[in-house]
Amino acid sequence: MNQLVRRIGQTVALTLPVILVTTGTLAVTRVPWAPPTSLDQQVVAASSNDGAGIGRAPTGQAANPGLAPQDALRADLLDELRANNPGTALDLLERTMREKPALTPYCSTLAADLGKAAVRKYQGDVQRARSFARPVCDGSFASGATAG
C-alpha cells in the first residue's frame, strides 16, 4: 500500500508541472494586449465574406490623406455603419482604440456620432438604434442615439 501511494505521488509530481506549464503557456498566447498573429488575421478574414466589415482595418487615412486621423476614422466608421450596421461600426471603433491608443481622446465623440448616424439610418427609430449599444467609450453611442 505504501509503495502504491509513493508511485501515485511520483506520477503526480512528474505530470503536474508539465500540465501546468502547458496550460499556462496556452493561456498567455491569447491575451488581448498581444499583437495579432497570422492565425488571428485568418480567423478575422474568414469571418467576413468579402474582406470588408469588422475584419478590415481602418483605411481612411490612406484613402483621405488630407484628413486628420480621427476624421479619417470617423469616415471609416460611418461607411461601416452605412454598409452593415452600428454593431460592426462599434466593433471597428473598439478595435481601433486598442490598436491606436493615440485616438482614444476622440472615442466618446466618435461613438456619439455613430449613435446619431444610427438614428438617421433607422429613420428616427431611437430604440432600434440603441439596440446596438455597447460599453464602448463609456456608452457614448447610446447617448448619441438619444440625442440623435
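Reader: Which residues are buried in α5?

Author: This is a predicted model. In α5 the buried residues are P86, G87, T88, A89, L90, L92, L93, R95, T96 and M97.

Reader: Is α5 largely enclosed or open, and why?

Author: The helix α5 is largely enclosed by the rest of the structure, because 10 of its 14 residues are buried.

Reader: How far apart are the end C-alpha atoms of α5?

Author: They are 20 Å apart, in agreement with the 20 Å that 14 residues should span at 1.5 Å a residue. The helix covers residues 86–99.

Reader: What caps the N-terminal end of α5?

Author: N85 does, with a side-chain oxygen 2.7 Å from the backbone nitrogen of G87. G87 is itself among the buried residues of α5.

Reader: Turning to confidence, what does the chain average in pLDDT?

Author: The average is 76, and 67% of the residues score at least 70.

Reader: Which elements have the lowest and the highest mean pLDDT?

Author: The lowest mean, 46, belongs to helix α2 (residues 38–47), and the highest, 93, to helix α4 (residues 69–83). Over residues 40–59 the pLDDT is below 50, and this stretch has 21 contacts in the model beyond near neighbours in sequence.

Reader: Let us take α4, then. Which of its residues are buried?

Author: In α4, Q70, A72, L73, D76, L77, L78, E80 and L81 are buried. As for its length, the 15 residues of α4 should span 21 Å at 1.5 Å a residue, and the end C-alpha atoms are 21 Å apart, which agrees.

Reader: How many salt bridges are there by the count?

Author: The count comes to 5 salt bridges. Among them is the pair D71 and R74, whose closest N and O atoms are 2.9 Å apart.

Reader: Where do D71 and R74 lie?

Author: Both are in helix α4, 3 residues apart, which is about one turn of the helix. An α-helix has 3.6 residues a turn, so residues three or four places apart point the same way.

Reader: Which other residue forms a salt bridge with R74?

Author: D113 does, with the closest N and O atoms 2.7 Å apart. This pair links distant parts of the chain, since R74 is in helix α4 and D113 in helix α6 (residues 107–121), 39 residues apart.

Reader: What is the salt-bridge partner of R82?

Author: R82 pairs with D79, and their closest N and O atoms are 2.7 Å apart. The two are separated by about one helical turn, because they are 3 residues apart in helix α4. R82 is exposed, with a relative accessible area of 56%, whereas D79 is partly exposed at 39%.

Reader: One last topic: is S140 buried or exposed?

Author: S140 is buried, with a relative accessible area of 10%. This residue is found in helix α8 (residues 140–147).

Reader: Which residues is S140 in contact with, leaving aside its neighbours within four places in sequence?

Author: S140 is in contact with S108, A111 and A112. With S108 there is also a polar contact between the two side chains, at 3.4 Å.

Methods: Residues are numbered from 1 along each chain as its sequence is written. This is a predicted model: local features need pLDDT of at least 70, side-chain atom pairs count only at pLDDT 80 or more; totals for chains, interfaces and linings use all residues. Side-chain values use heavy atoms; hydrogens and water are left out. pLDDT is the predictor's confidence in each residue, from 0 to 100. Helices (H or I, at least four residues) and strands (E, at least two) are DSSP runs, numbered from the N terminus. Contact means heavy atoms within 4.5 Å. Buried means under 20% relative accessible area, exposed over 50%, partly exposed in between (1.4 Å probe, protein chains only). A polar contact is a pair of N or O atoms within 3.5 Å; within protein, one must be able to donate a hydrogen and the other to accept it, and residues adjacent in sequence count only if both atoms are side-chain atoms. The expected span of a helix is 1.5 Å times one less than its number of residues. A salt bridge is a side-chain nitrogen of Lys or Arg within 4 Å of a carboxyl oxygen of Asp or Glu.
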